[in-house]
Amino acid sequence: MGKESIGITVSKKSDFSEWYTQVVLKAKLADYAPVKGLIVLRPDGYSIWESLKYTFDKKFGQNGIRNGFLPVLIPESLLGKEKKHFAGFNPEVFWVTHSGENEVGDRLALRPTSETLAYTLYSKWIKSWRDLPLKINFWNTALRAEIKATKPFLRTSEFLWQEGHTVHATQEEAEKEVFKILAIYKNTVEEELAIPVIIGKKSEKEKFVGAVYTTTMESVMPDGKALQMGTSHFLGQNFSKPFDVKFADKDNIEHFAWQTSWGVSWRLIGAMIMVHGDDKGLVLPPKVAPTQIVIVPIYNSEEDKKQTLQKAEDIKKQLELKMMRVHIDDRSEISPGYKFNDWEMKGVPLRIEIGPKDIQKQKVVLAKRYNKEKIDLSFDKIEKIGQILNEIQSKMLETARKQADLNTFDIFDFSEFKEKIGKGGFFNANWCGKQDCEDKIKDETGADIRVIPLGNKNKVGKCIYCNEPSTIVPIFARGY
RNA sequence: GGGAUCGUCGUCUAGCUUGGUAUGAUACUAGUCUGGGGGACUAGUGGUCGCAGGUUCAAAUCCUGCCGGUCCCA
């Protein structure tokens, strides 16, 4: 196997789909499981997830949300209680029909989502207005059988996610919660993963089955397709009624509660790979990188080796004191060049090269992954590395934002829309609000309404399809 | 939902048309030399050819079914 097949063998531009799969496998984030549509997370992949979980937990906690845990099996009778909800999920539910040799009475679903189970419990737990609000988040996996072609992190039959479920005494408070969560999602994804997103509402057609409305966070990927990166739903009383989630209010009258549910999944990792990766492999934003800095010591004689490794250790300790995640690649059997390529494929944000020549000049060579820049840094400036990592983080967001802007277009003419949609992108287009037009646009272009951005009001125009007057400007795109 | 294509040591692969106990590389192990962008030489380990049937004296190769991967189009 030559150097061609150790690294990524296709370019991101010419064969995006193949490129993506290779990066996931070769950067050792994940591998395929023996069952169709399931993947295994390897330590570097799981570490990114843990980092996101840590940040979300902190922010959820500040908002009065605590974590709980729900079982994976849901009886059919429960899952079917809210009819539209059930109809929406039924085609992709995995069913457990046997325990050992015996058939189970009520079939058991492997949870596709936990609303029905959580709310059965909530109805027991909530009696009084004093029990509200109830805000619990669950970190778990959900199972939805994917018949179509699967893709690691983006479309798998089981995925890691968090699902939050809150209950409130008033509609106003519940709706406020929906948007608070959406804001947490947006700022976390932008600050941690350096991916710019657009938040807003889904159309009636695209909303979560069972919700009153769905808010969403969407981003345009480098191949021009849209990726839904998280949703926060206002459930109204649609579930509290069938599940009997009610409480005695201060007026001593029983009321049905108002509810929300919301989630993000490991799709966020998929988005990060697509947005930042390049032809050499993965590029990790420093904040979520399992290893932020790799030190490659270079030496030949035994004496040089000792001296170089010693200095590398010193630098490592110095950086670790500042809470940076550092690794020294002291593998002796492979050459420095191999290591450079290896760590670049794995996306480590910064590389420090140090050898006898550097020690003589009291400096190291610092290589930045995201723009391939190499600079000299003297020993007494080592502590500046923290600052450099922060700069990289913000530059990456900036670059991603420019990329997204280049993939976003205002469009006023339907035939022009049909022509341009082939190349992908986000299209801002006026829409009359009728589902009929939405359906026909989808039929003729393959694009659907990804998001109706917040604060988009009174932009007077004509519906791109039927030419009726319109004040709504959703983003149309083909999605993942 | 429709179409195409693939599955052989850890990885990539030759062999399949025309059946006869599997080729090479890389990785791995050991040693020597090397070391600032995917090193060199020598020796060694590793595969019941995705799974299950069938045809045959004989199946990686032919037939049937299944499982899994990848890509393209709705």
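Me: Which element gives the largest share of the lining of the largest cavity?
Reply: In this predicted model, the structure holds 1 cavity of 30 Å³ or more. Two elements give two or more residues to the lining of the largest cavity, namely β10 (213-220) and α12 (385-406). The largest share, 3 residues, comes from α12.

Me: How many charged residues are in the lining of the largest cavity?
Reply: About 70 Å³ of space lies in this cavity. Its lining includes I195, P196, V220, M221 and P222, as well as S219, Q403 and N407. By class, the lining has 8 nonpolar residues, 3 polar residues and no charged residues.

Me: Between which domains does the largest pocket lie?
Reply: The assignment divides chain A into domain 1 (3-276), domain 2 (291-386) and domain 3 (408-477). The largest pocket has a volume of about 1,300 Å³. Of the 41 residues that line it, F89, E92, R144, Q228 and R267 are the closest to its centre. Because residues of its lining come from both of two domains, the pocket lies between domain 1 and domain 3.

Me: How many charged residues are in the lining of the largest pocket?
Reply: Among the elements that give two or more residues to this lining are α5 (83-89), β11 (226-236) and β22 (448-453). Split by class, the lining has 12 nonpolar and 14 polar residues, while the charged residues number 15.

Me: What distance separates the centres of domain 2 and domain 3?
Reply: Domain 2 covers residues 291-386, and domain 3 covers 408-477. Taken over C-alpha atoms, their centres are separated by 50 Å.

Me: Is F153 buried or exposed?
Reply: F153 lies in the loop between β7 and β8, and its phi is near 75°, a positive value in a residue other than glycine. Beyond its neighbours within four places in sequence, F153 is in contact with residues including Y20, V24, L41, W266 and I273. The relative accessible area of F153 is 1%, below the 20% cut-off, so F153 is buried.

Me: Is K372 buried or exposed?
Reply: K372 is found in the loop between β18 (363-368) and β19 (374-378). Its phi is positive, about 60°, although K372 is not a glycine. Because its relative accessible area of 52% is over the 50% cut-off, K372 counts as exposed.

Me: Which residues does a cis peptide bond join?
Reply: P133 is found in the loop between α6 (115-125) and β7 (134-143). With omega about -5°, the bond is cis and joins L132 and P133.

Me: What separates the C-alpha atoms of I411 and I198?
Reply: I411 has its place in the loop between β20 (408-410) and α13 (414-420), and it counts as buried at 2% relative accessibility. Leaving aside neighbours within four places in sequence, its contacts are E416, F417, K420, F427, N428, A429 and I464. I411 and I198 are 213 residues apart along the chain, and their C-alpha atoms are separated by 18 Å.

Conventions: Residues numbered from 1 in each chain as written. Chains lettered and ligands numbered in written order. Predicted model: local features only at pLDDT ≥ 70, side-chain atom pairs only at ≥ 80, totals over all residues. Heavy atoms only, no water. 1 Å grid on protein atoms, 1.4 Å probe; cavity = no way out; pocket = protein on both sides within 12 Å on 5 of 7 lines; lining within 4 Å. Points joined across faces, edges and corners; volume = space filled by probe spheres on them. Helix = DSSP H or I, 4+ residues; strand = E, 2+ residues; numbered from the N terminus. Nonpolar A, V, L, I, M, F, W, Y, C, P; charged D, E, K, R; others polar. Domains from an automatic or database assignment. Contact = heavy atoms within 4.5 Å. Buried < 20%, exposed > 50% of the residue type's maximum accessible area, 1.4 Å probe, protein only.
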